[in-house]
Amino acid sequence: MSVEIVVLSDRDNRLMKRKELKLILKNASLGLKTREAIELVAKQHNVDVEKIVPIALGSSKGNVDLNATFHIYDEKGLVNKIPRYRKLRLLEKSERRKILEDEKASKLKAKQASAEKKGKKQKNQLKRRRN
């Protein structure tokens with residue numbers, strides 16, 4: 001089955017320097033991945049894949065069409081200003097999980113280091129009080 005793209009609205013947001021698209025992707029909810037949807041939109045609008053950010057992809061029960069919202073930014077640098085969770089959504093699950101685990105580990109190490117410093121200070125204060 002081929003995916004057909006129907007444009008519901010194509011709005012140019014000059015303040016945010018982006019184009020906001022609302023689309024229906026016909027016959028797409030049967031296994032279309034987010035990355036594939038981005039590539040379809042990029043191909044149709046002749047835009048670089050890295051400038052496109054998916055906002056919403058969803059379908060209703062019993063329907064094979066996907067309702068989608070995409071933002072196409074004018075410059076690559078503006079894509080870096082989107083919220084972190086949207087950037088993480090663009091990554092594959094394994095990459096996303098690795099990044100989150102690395103961040104948790106670094107936070108835990110920092111917390112342990114500060115606890116050790118705090119513990120040493122408290123020991124020194126107790127020694128001073130005893131003397």
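The following exercises, each with a worked solution, concern a predicted model.

**Exercise 1.** Determine where aspartate 65 lies, and whether aspartate 65 is buried or exposed.

*Solution.* 
Step 1. Locate the residue in the chain: aspartate 65 belongs to the loop that links β3 (52-58) and β4 (66-73).
Step 2. Read the relative accessible area, which is 15% for aspartate 65.
Step 3. Apply the cut-off: buried means under 20% relative accessible area, so aspartate 65, at 15%, is buried.
Step 4. Examine the side chain: at 3.2 Å, the side chain of aspartate 65 reaches the backbone nitrogen of asparagine 27.

**Exercise 2.** Describe how strand β1 and strand β2 are joined, and state which residue of β2 is the bridge partner of valine 7.

*Solution.* 
Step 1. Identify the strands: β1 covers residues 4-13 and β2 covers residues 18-26.
Step 2. Find the partner: valine 7 is bridged to leucine 23 in β2.
Step 3. Inspect the hairpin: four residues stand between β1 and β2, and lysine 17 takes a positive phi near 55°.

**Exercise 3.** State how much space lies in the largest pocket, and which helices each supply at least two residues of its lining.

*Solution.* 
Step 1. Give the volume: the largest pocket holds about 220 Å³ of space.
Step 2. Name lining residues, among them Lys33, Ile38, Leu91 and Arg96.
Step 3. Assign helices: α1 (34-45), α3 (84-90) and α4 (93-130) each contribute at least two lining residues, and α1 provides the largest share, with three.

Notes: Residues are numbered from 1 along each chain as its sequence is written. This is a predicted model: local features need pLDDT of at least 70, side-chain atom pairs count only at pLDDT 80 or more; totals for chains, interfaces and linings use all residues. Side-chain values use heavy atoms; hydrogens and water are left out. Buried means under 20% relative accessible area, exposed over 50%, partly exposed in between (1.4 Å probe, protein chains only). A polar contact is a pair of N or O atoms within 3.5 Å; within protein, one must be able to donate a hydrogen and the other to accept it, and residues adjacent in sequence count only if both atoms are side-chain atoms. Two strands pair if DSSP finds at least two bridges between them. On a 1 Å grid over the protein atoms alone, a cavity is a set of points where a 1.4 Å probe fits but cannot get out, and a pocket is an open set with protein on both sides within 12 Å along at least five of seven lines; lining residues have an atom within 4 Å of a point. Grid points are joined across faces, edges and corners, and a volume is the space filled by probe spheres set on the points.
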